[in-house]
Amino acid sequence: ELLIPSMRCHARTNIMFLKTHKTASSTILNIMFRFAERYNLTVALPADQRFHLGYPKTFQASFVEGFQAIGQNYNIMCNHLRFNPSEVGKVMPANTFYFSILRNPIPLLESSYVYYKDDVPAFRISKDVNEYLASPMKYYHPADYRQNIYARNLMWFDFGYDNNAKDNKNYIKEVLKEIEDKFHLILIADYFDESMILLKHTLCWDLDDVVYFKLNSRSQDTVQTLSPESEEQIKTWCSLDWKLYLHFNHSFWKRIEETIGLKYLEKEVNHLRTRQKELMEACLSDQGPVGKDDIKNKSLLPFQSGAANILGYNLKQDLDNRTLRTCQRMVMPELQYTSYLYAVQHPHKKRKQLNLTWQRTSFQK
């Protein structure tokens, strides 16, 4: 039996989370923002009217609001960016904890397809995900590579590497080693609750720091069923992501066995789920998330994209102030939370304007 963490460690507060796309990372962003508020930490937020840190451009320190004035005194960085360790190192302190999350590339590609259907040339001109995967090169033109990043090896791209690189054994080994050297922990979205427990232990946080409501998920009816051929094809078409995932899925379970053990993990996961249920019962007027048209308070509407119906939550009426505050934070979508923290941290700047439908222009250079 392990000691209670609080007896032997201090909560880590300098943290860089590389927010990858379509990997449950919006839920982690919400966890990071709530943690920052709880401990009154400074978040490295996107400058000006932007909601991500320059993505898909390679990250530069100047993409962070106030960088010139604040220097290396940020505690938390977690908005979307394309990883660039030297520039991130200018913003984050030397003792920063780096972590990220990966997801099985098979469901990831399907999710990306539905979400970015209208914006990615390779997706736009194919009928559905299976047609696209039957012959990707028919639709995926390397000349459009900037708009097509969502269509191939997306995680590889987010980590700062060339998502159209040749699958070469030595190259892959080198990249995996670089990622291992830079990141202290890589979580796996397919085992999200287990990931939260591992994160909690590694950072010496409390259960309430990692409890969450699933954010930015979509309704089941927008999921496209992949044929067995398509599933196999993804392993080849996205072979860089596939190898990345296999490698870190393996190290994830090894890490759990070496640190908390499977038995203790199961106990902790059950605690997390019990606590999550308690909070859902306290906060929500429905049993769980609802479709975009059923969200009563439009200020809690998540950003909508492509053919996906992005779900959100309805809070109970008449919650006392303290509960309301907690519940609002739990369900606050990414853009609203970013905008809110920005206004708190940079009160003299023009507030970020929310636009909850995807603007095609966001992709044009």
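Analyst: Happy to. In this predicted model, ring pairs join Tyr 113, Phe 123, Tyr 132, Tyr 139, Tyr 140 and Trp 237 into a cluster. In total, 28 aromatic pairs are counted.

User: Tyr 55 and Tyr 150 also form a pair; why is that pair called tilted?

Analyst: A pair of aromatic rings is described by the distance of the centres and the angle of the planes. For Tyr 55 and Tyr 150 the centres are 6.4 Å apart, and a pair needs centres within 6.5 Å. The planes make 45 degrees; stacked requires under 30 degrees and edge-to-face over 60, so tilted is the label that remains.

User: What makes this pair a tie between parts of the chain?

Analyst: Tyr 55 is in the loop between helix 1 (25–38) and helix 2 (67–70), while Tyr 150 is in the loop between helix 7 (136–139) and helix 8 (154–158). The pair therefore ties together parts that are 95 residues apart in sequence.

User: How do you know whether Tyr 55 is buried or exposed?

Analyst: Buried means under 20% relative accessible area. Tyr 55 has 5% relative accessibility, so it counts as buried. Tyr 150 is buried too, with a relative accessible area of 5%.

User: Why is the pair of Tyr 116 and Tyr 150 called stacked?

Analyst: Its ring centres lie 3.8 Å apart and its planes meet at 20 degrees. Stacked asks for planes under 30 degrees apart, so the pair of Tyr 116 and Tyr 150 is stacked. Tyr 116 comes from the loop between helix 4 (105–115) and helix 5 (121–124), so here the parts tied together are 34 residues apart in sequence. Tyr 116 and Tyr 150 are both buried.

User: Why is helix 1 called roughly parallel to helix 16?

Analyst: Two packed helices are described by the angle between their axes and the distance between the axes. Helix 1 and helix 16 (residues 334–345) pack at about 25 degrees, with axes 10 Å apart. Angles under 35 degrees count as roughly parallel, so helix 1 is roughly parallel to helix 16. Their crossing is left-handed.

User: Why is helix 16 described as largely enclosed?

Analyst: Nine of its twelve residues are buried, so helix 16 is largely enclosed by the rest of the structure. Among the buried ones are Leu 335, Tyr 337, Leu 341 and Tyr 342. As for length, helix 16 reaches 16 Å from its first C-alpha to its last, close to the 16 Å expected.

User: How do you know that the span of helix 13 is close to the expected one?

Analyst: Helix 13 (residues 239–259) has 21 residues and reaches 30 Å, and the expected span at 1.5 Å a residue is 30 Å. Its buried residues include Leu 240, Trp 242, Leu 244, Tyr 245, Phe 248 and Phe 252. Just after helix 13, Gly 261 takes a positive phi of about 80 degrees.

User: Asn 40 and Asn 216 are not glycines; what phi does each take?

Analyst: Both are positive: about 55 degrees for Asn 40 and about 65 degrees for Asn 216. Asn 40 lies in the loop between helix 1 and helix 2, and Asn 216 in the loop between helix 11 (207–210) and helix 12.

User: Why is Asn 40 called exposed, and why is Asn 216 called partly exposed?

Analyst: Exposed means over 50% and buried under 20%. Asn 40 has 70% relative accessibility, so it counts as exposed. Asn 216 has 25%, which places it in between, so it is partly exposed.

How values were computed. Residues numbered from 1 in each chain as written. Predicted model: local features only at pLDDT ≥ 70, side-chain atom pairs only at ≥ 80, totals over all residues. Heavy atoms only, no water. Phe/Tyr/Trp six-rings, centres within 6.5 Å; stacked < 30°, edge-to-face > 60°. Helix = DSSP H or I, 4+ residues; strand = E, 2+ residues; numbered from the N terminus. Buried < 20%, exposed > 50% of the residue type's maximum accessible area, 1.4 Å probe, protein only. Expected span 1.5 Å × (residues − 1). Axes fitted to C-alpha atoms, helices over the stretch in contact; angles between N-to-C directions. Parallel < 35°, antiparallel > 145°, perpendicular 65-115°, else oblique. Left-handed = near helix turned anticlockwise from the far one by under 90°.
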